[in-house]
Amino acid sequence: LYTAENMAEALPEDVALPSEEDEVLMDTQAAPKKRKHRTAGEGEAVEPAQAKRRSTDAATQVLTAQNEARKIPVPPHRYAPLKDNWMKIFTPVVDHLHLQIRFNVKSRNVELKSSAKTKDIGAIQKGADFIRAFMLGFEVEDALALVRLDDLFLDSFDVNDVKPLKGDHLSRAIGRIAGKGGKTKFTIEN
């Protein structure tokens with residue numbers, strides 16, 4: 001049986017054990033080992049001030065990319081579809097966007113967090129839009145277009161924000177937006 005002391009002795013020195021405060025998010029691969037920053041190449045002279053500025057800029061970029069996180073609320077009627085389509089949602093977020101993802105059962109949010117492998121600055125926004133589109137009722141395949149295409153965005157509105165309606169009047173207004181057989185809704189979605 002492994003205890004904290006046994007594990008610390010068995011693991012290499014460069015592997016850190018998680019503390020009780022650390023959150024564990026899903027990722028398909030382990031984090032890469034840290035590399036030392038190179039300040040000058042062969043035959044390249046760098047003044048101390050330049051070397052310090054270069055390393056500070058690189059560290060700032062890494063910190064800003066690693067610390068971003070988003071929480072997308074899950075409405076109660078989307079729990080079952082989220083559970084059924086989790087692998088379809090999980091795979092593109094982790095493999096293509098290189099983000100960490102989890103469903104927080106307590107707060108009922110899907111949480112996205114950038115990792116050390118996240119290269120694209122807009123990846124966290126693309127991932128959040130993808131999850132939000134699924135929560136609004138889009139199919140996973142349709143929402144995946146938000147991840148693949150750069151110039152695509154998601155916008156929605158509440159009918160009551162435009163005109164306060166109740167009962168049958170609200171249903172009729174939504175039906176007119178959707179159109180006969182959903183033709184207008186399909187046109188708006190595509």
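Which residues is F130 in contact with, leaving aside its neighbours within four places in sequence? I looked it up and found K88, I89, P92, V93, V140, A143, L144, L146 and V147. Contact here means heavy atoms within 4.5 Å.

**Ground rules**

I am working with a predicted model, where local features need pLDDT of at least 70, side-chain atom pairs count only at pLDDT 80 or more, and totals for chains, interfaces and linings use all residues. I number residues from 1 along each chain as its sequence is written, and side-chain values use heavy atoms, with hydrogens and water left out.

**Overall layout**

I listed the secondary structure and got 10 helices and 3 strands. Helices (H or I, at least four residues) and strands (E, at least two) are DSSP runs, numbered from the N terminus. Along the sequence I read α-α-β-α-α-β-β-α-α-α-α-α-α.

Next I checked burial. Buried means under 20% relative accessible area, exposed means over 50%, and partly exposed is in between (1.4 Å probe, protein chains only). Of the 190 residues in the chain, 23% are buried. The chain exposes about 14700 Å², and 54% of that comes from carbon and sulfur atoms. These areas come from the Shrake-Rupley method with a 1.4 Å probe; for residues, only the protein chains shown count as cover.

I also looked at contacts with a separation of 6 or more: residues 24 or more positions apart account for 51% of them.

**The core**

Back to F130. I found it in the largest nonpolar core, which has 26 residues. A nonpolar core is a set of buried Ala, Val, Leu, Ile, Met, Phe, Trp, Tyr and Cys residues joined through side-chain atoms within 4.5 Å. L82, I89, I101, L112, F130, I131 and M135 touch the most other members. At least two core residues come from each of α4 (86-95), β2 (99-104), β3 (109-114), α5 (123-136), α6 (140-143) and α7. Which helix gives the most to this core? It is α5, with 8 residues.

F157, V162, I177 and I188 make a nonpolar patch of about 440 Å². Patches are made of residues with over 30% relative accessible area and no salt bridge; like charges are joined within 9 Å, and nonpolar side chains (Val, Leu, Ile, Met, Phe, Trp, Tyr) within 5 Å. I located F157 in the loop between α7 (145-148) and α8 (159-162). F157 counts as exposed because its relative accessible area is 58%.

**Rings**

I counted 2 aromatic pairs. Rings of Phe, Tyr and Trp (its six-membered ring) pair if their centres lie within 6.5 Å; planes under 30 degrees apart count as stacked, over 60 as edge-to-face and the rest as tilted. Y79 and F103 make an edge-to-face pair, 6.4 Å centre to centre with 65° between the planes. Y79 is in helix α3 (residues 79-84) and F103 is in strand β2, 24 residues apart. Y79 is partly exposed at 25% relative accessibility, and F103 is partly exposed at 27%.

Where is R108? I found R108 in the loop between β2 and β3. R108 is in contact with P73, V74, Y79 and F103, leaving aside neighbours within four places in sequence. The C-alpha atoms of R108 and I72 are 8.7 Å apart, though 36 residues separate them along the chain. R108 is partly exposed, at 45%.

I noted a positive phi of about 55° for R108, which is not a glycine. H98 also is not a glycine and has a positive phi of about 55°. H98 is in the loop between α4 and β2. Most residues other than glycine have a negative phi.

**Salt bridges**

My count was 5 salt bridges. A salt bridge is a side-chain nitrogen of Lys or Arg within 4 Å of a carboxyl oxygen of Asp or Glu. K126 and D150 form one at 2.7 Å, N to O. This pair joins helix α5 to the loop between α7 and α8, 24 residues apart. Are K126 and D150 buried or exposed? K126 is buried at 17%, whereas D150 is exposed at 61%. D120, K126 and D150 are linked in a network of salt bridges.

R102 and E111 form another, also at 2.7 Å, N to O. Both R102 and E111 are buried.
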